[in-house]
Amino acid sequence: MTNITKNEISSDEVRPFSTKALMFETFACTMAVMAFAALAGPIARVIGLEAWQIGAAMTVAGLAWVLMARFWGRLSDKRGRRPIILFGLCGFVISYTSLALFIDFSMKTAMVPTLAFIGLVVGRGVAGIFYAAVPATSAALVADHVPPKQRTAAMAGIGAASAAGMVIGPGFVGLIGTYSLSIPLYITAILPAIALLLLWRVLPKVEQHSKPDVHSVRLSDVRLRRPVAVAFVAAFSVAIAQITVGFFILDRLQLDTSAAARSAGIALAVVGVALIAAQVAVQKLAWQPQRLILFGGLIAALGFIVAYFSLSSLILWVGYGLAGFGMGWIYPSLSALAANSVEAHEQGAAAGTVSAAQGLGIVTGPIVGTAIYGLDYGLPFALIAAMLIIAAIWRSPK
């Protein structure tokens with residue numbers, strides 16, 4: 001890279017790196033995503049869409065994330081973290097705001113359901129394409145500026161912000177959604193825009209990463225097998241736990257629909273609180289990623305085993321709380337493990353690869369989970385518990 005003298009760098013450019021802006025960006029975007037997910041059902045009912053159509057729109061966003069994460073990560077290795085994360089977040093803000101406007105227009109004008117479905121698919125897909133740049137580049141940015149021994153704690157701080165968005169998002173929608181289905185979408189569109197302005201102001205203008213050479217990180221790179229495998233299993237498990245909890249409460253616990261909705265909401269809220277607690281704990285511990293993945297995976301597996309045998313909402317909540325706590329140790333650890341496994345000029349590609357694995361888990365989890373649910377109500381929990389145990393104790397070859 002070109003050498004830059006101290007006199008050539010403005011005071012803005014030498015500002016010490018802080019993860020606070022990334023934490024706010026993560027919180028804001030998670031709130032936006034959760035707001036859409038929480039409102040998807042009522043919006044579909046007003047527009048006249050079927051459940052599978054909403055599912056298809058959600059799947060398209062996940063596929064866009066899978067396909068684009070590595071692209072954005074590798075591009076950030078070449079062009080720099082700042083321009084890529086700002087470009088991706090800008091695209092997400094524009095596409096999410098446009099989607100909110102389209103949904104509002106669809107509900108007010110009784111749009112033909114087919115056209116509304118096409119608009120949702122396109123809007124979610126474009127938002128997914130741009131947002132894929134944000135988590136991958138954020139992880140690479142942390143790896144550029146934070147020493148290896150401190151990366152897990154830094155990633156945990158960002159993860160805690162995401163968990164906070166998971167908890168506050170549905171609660172916010174629950175308060176405002178009874179008055180309007182569109183207002184929550186507009187408000188949550190403003191938050192990522194504020195995050196964009198904040199990142200534009202505080203992100204380092206001087207890049208700290210090394211330029212990539214001709215050899216790029218491959219999907220099959222042996223150094224990334226463990227973080228990629230754990231990333232897929234973790235996202236796969238969370239996706240299944242989210243999609244099946246409502247059905248499990250209805251069928252196994254035999255609650256009526258209103259009570260089931262309340263119990264499912266509490267279960268997911270407990271997960272969010274447990275995630276925050278776990279990732280705060282990570283920042284206090286001096287454990288390395290491998291150890292956190294081992295214990296986090298076993299704790300999460302125990303949680304899903306408890307959920308499998310639960311015969312009341314209270315026991316289910318305990319199981320989900322344990323699972324959420326374990327996941328809170330896994331997520332920041334796998335990002336740090338990936339960053340510590342590659343060279344400085346490969347950080348973007350590595351982060352993009354891990355992000356793509358997470359996206360794949362999010363896409364395939366609901367499909368597999370709902371497919372095996374019909375065989376036994378608790379089978380999805382048993383499957384992900386077994387996968388988490390294997391992922392926790394497995395060691396990839398060097």
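Biologist: In this predicted model, where does A193 lie, and why is A193 called partly exposed?

Modeller: A193 lies in helix 7, which covers residues 183-202. Its relative accessible area is 24%. Buried means under 20% and exposed means over 50%, with partly exposed in between, so A193 is called partly exposed.

Biologist: What separates the C-alpha atoms of A193 and C90?

Modeller: The two C-alpha atoms are separated by 7.6 Å, although A193 and C90 are 103 residues apart along the chain.

Biologist: What makes S237 buried?

Modeller: S237 has a relative accessible area of 0%. The limit for buried is under 20%, and S237 is therefore buried. S237 has its place in helix 8, residues 225-251. Leaving aside residues up to four places away in sequence, S237 touches F304, M327, I384 and L388.

Biologist: Why are helix 3 and helix 5 called roughly antiparallel?

Modeller: Helix 3 (residues 81-109) and helix 5 (residues 133-145) pack at an angle of about 155°, and their axes are 9 Å apart. Angles over 145 degrees count as roughly antiparallel, so this description applies to helix 3 and helix 5. The crossing of helix 3 with helix 5 is left-handed.

Biologist: Which residues make the contact, and how do they divide?

Modeller: Helix 3 contributes R81, I84, I85, G88 and L89. From helix 5 come A133, V134, T137, S138, A140, L141 and D144. Seven residues of this contact are nonpolar, three are polar and two are charged.

Definitions and conventions
Residues numbered from 1 in each chain as written. Predicted model: local features only at pLDDT ≥ 70, side-chain atom pairs only at ≥ 80, totals over all residues. Heavy atoms only, no water. Axes fitted to C-alpha atoms, helices over the stretch in contact; angles between N-to-C directions. Helix = DSSP H or I, 4+ residues; strand = E, 2+ residues; numbered from the N terminus. Parallel < 35°, antiparallel > 145°, perpendicular 65-115°, else oblique. Left-handed = near helix turned anticlockwise from the far one by under 90°. Contact = heavy atoms within 4.5 Å. Nonpolar A, V, L, I, M, F, W, Y, C, P; charged D, E, K, R; others polar. Buried < 20%, exposed > 50% of the residue type's maximum accessible area, 1.4 Å probe, protein only.
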